[in-house]
Every structure is written in structure tokens, then in C-alpha cells.
Amino acid sequence: MGNNGAGVAEQKAQRVYSALDGFRIELPSWGFANTGTRFGKFLQGGAATTIEEKFSDAAQVNALTGASPTVALHVLWDLPNGTADVPAIQTLEKKYGMKAGSINPNLFQSAEYKYGSIANPSAEIRGMALKHLLESVAIGRELGSKDVSLWIADGSNYPGTQSIRKRIGWMEEVLGATHAALGDGQRMLVEYKPFEPAFYHTDIADWGMALELVRRCGPKAKVLVDTGHHAQATNIEQIVTWLLHVKELGGFHFNDRKYADDDLTLGSIDPYQVFRIFHEILSAEEKDRTDIAFMIDQSHNLKGKVEAMVQTVATAQELYAKAALIDQVKLAEMQQECRLVEAEECFRDSFWQDVRPIVREWRTARGLPAEPLKALAESGYVEKITRERESKNARSVSTYA
Ligand code: PSV
Ligand code: MN
Ligand code: MN
């Protein structure tokens, strides 16, 4: 019994070790910058205001967690001069030992996009959007980054004000032309979202629309699931399973939410949901799950940004480790024989296990701090960046209107 117990513990540790060795989650550059709500921004003394500061913060998170060696870039905010900024990014990659991750075009901020970007009725504005997309593809190619990740904010606020059908055709044209420009090894990920900033119709509102668009574009286009972009009570893991099944799942933007697209810390509201998503991925066939990009899409307005990002990555590692503990063979047997309560208990048992001791051991074995948040506090990094940056970030502004 004693030996058997030790054998089981050893097996569990091995599963967790191999899961964590392969687990990577990308950091968003915008997660280190000052953000806010439409009511105002509360500037943080240590927030990053330059791309170098964003790389520095991301490198700190990676040094403490060992799971985040890439940083997602937002073209307009991080490479305002397009491909001309690529050498500067390459210098930062070398200096901080980080790689540029997904390239995120910005098709929502310019005044021209008031009525849409790739679905705008004006051919001239659609052309402007395409030009930006092609520039983003070129940036990705030059940086050797795999994914160009598109979130399309287009939509309308009132019934009858736009032709939903014509807009589908316009999107197909622009996305098709973007796909055609992708180089070898490049992909285009298409995100969906049912609301905000548009409140009547969003042009890519759900996974069905995203799936149809990526299929029409071609094999380098895949769907991106942002966990905050669903109606309440949507079974996100079922969508994930379908996308895995049809081999069109490209990646995730993880965040948590209580009400809408809240961009809260992963697992802070519903850790069981993240566990269920990870389970669907880990139970898929190896060949179907090798090419899924895990990314974080969070903006912490009140929490310290670097702390919150370390907390996010550590939580993701813990939930992934829990999902890796599920005995897939045993579970499949129970499911097949419809032993419902046993199957559910087998599933829940893994969720409720405290994996933190094994994760701590894994961290130590890999030369990482056992407690990343504690190590961050002891490093003095946040105090240092606050001292260095606070004169730039001193004001707290309110834009309440
Ligand atoms: C807006 O909803 C959003 O959060 C999308 O999820 C994008 O991925 C992100 O902004 C960055 O553009
Ligand atoms: Mn997103
Ligand atoms: Mn979002």
C-alpha cells in the first residue's frame, strides 16, 4: 500500500512536470501599460510607457515563472512606424532575452474607423485597413513571429443602419487578401466578440462566423477564442472541443469575467472553467493540440501590473497542472460505461487537488523561484520601476463624461 501510494505520487509528479515543461503562455505588451475604463484612467507609478519598459516587465515575469518567453505586440502602440520599428524590437529581444510574439493590428482607434474597418462601406477605408493588415503581416515576417492576431471591432449600433450581408462580403475580401500575403510559417488568428464597441451587431460576433471566415480564407487562418468574448453561460469548453475537432483552433486570449469583457485575472472568478478548457485540450489527440497559442489578454487597472501578470501565469500553471492530473484512460472508461457520478468525481478530484506543492517542486527543479509572487516582492523590481517611471506617470486623470 505504502509503495503503491508512493508510485501514484511519483506518477502524478511526472504528469505535472511534463505538462509544465511544455506549457507556455504569452504576455500582452498592453498589460503593462496604463489602461482604464471609459470613466477614467488611474495611472500607476510603475506602468510601462515605452516598448522597452514593456519588454523589461515581460522579461521579469518570464524570469519568475519560466513560462512566458514571448510578448504580444500591438502595432499602433508598439511599432507606430510599422516595419521601420522592427530593428528596435530586435534590439530589445536580444537585450531582454524575450521574443516578439503575436502581432496585433489596430483596426479600431483611428477616426476613419468610426463605421468600421474591414467591413466599412467605404472602399477607401477598407483599403486603409488592408494596408495596415499587410504591414502587420510584414512585421510578423521580419520578426519571425508566427501569428498575426486580428480583433475586428466592426459592427453597428442600430437595426437597419448597415447592410450586415454586404459587410460579410467586404470582410471576406480583405481577410482573403491578408491571408494571401502570409509567408511560410505565418498564421492569421481571427477573434470573435458579440458586443462592444458595437452594441447591435458585431461583424464577427461568434465562433461560427469566425470559423466560416477562416475556412474561406485558407489553411493559415485559424480561430482565436478570447474567454471574455461570449454571452453569459456559454459553454466555452464545448466551443473549444468543436474547434479542436475540426482542426481550426489557433489560440486563446485568457482572462476572466463576471459581467462582460472584464479582462480580469485568469481564474479569479471561475477557475473551474479554465480547468475544463485545459482538460478538453489535454484530452485531444497530440497532433490536434500541438499548434495552439496560449496568450493572456488582460488589463489590470487597479492591481499592480507586474504582480498581476505573475499571479496570472502562476495560476495558469496550477490549473494546467490540475488538468494534467486527470487519468484520461480511467475517465474515458467511466464515460463509456456511463458511470456518471464516478466520472464526475474523477474529474472533480483532479480539480480539487492542491497541486501547489508539486508546482513548487517543479519550479525549484527548473531553477525558478518556488514562490514567484514572493520572489517578485523580494526582488524590489516593482519599487525600482516605480521610482524610475513615476515622474512620467504621476498624474491621475479622469475622463468621466
Ligand atoms: C478588445 O475586446 C480586446 O480586449 C480584444 O480582445 C483584443 O484581443 C484586445 O482588445 C487587444 O486588441
Ligand atoms: Mn482578445
Ligand atoms: Mn477583449
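Author: Helix 5 passes helix 6 in a right-handed crossing; a crossing is right-handed if the near helix is turned clockwise from the far one by less than a right angle, left-handed if anticlockwise. Helices are DSSP runs (H or I, at least four residues), numbered from the N terminus. This is a predicted model: local features need pLDDT of at least 70, side-chain atom pairs count only at pLDDT 80 or more, and totals for chains, interfaces and linings use all residues. Residues are numbered from 1 along each chain as its sequence is written, while chains are lettered from A and ligands numbered from 1 in the order in which they are written.

Reader: At what angle do the axes of helix 5 and helix 6 cross?

Author: Two packed helices are described by the angle and the distance between their axes. Here the axes of helix 5 (residues 123-143) and helix 6 come within 9 Å and cross at roughly 25 degrees. Axes are lines fitted to C-alpha atoms over the stretch in contact, with angles from 0 to 180 degrees between N-to-C directions. Helix 5 is therefore roughly parallel to helix 6 (under 35 degrees; over 145 is roughly antiparallel, 65 to 115 roughly perpendicular, the rest oblique).

Reader: How do helix 6 and helix 7 cross?

Author: The axes of helix 6 (residues 164-181) and helix 7 (residues 207-217) come within 9 Å, crossing at roughly 50 degrees. The two are therefore oblique to each other. Helix 7 contributes Leu213, Arg216 and Cys217 to the contact, where C-beta atoms, placed from the backbone, lie within 7 Å.

Methods: Two residues are in contact if their C-beta atoms, placed from the backbone, lie within 7 Å.
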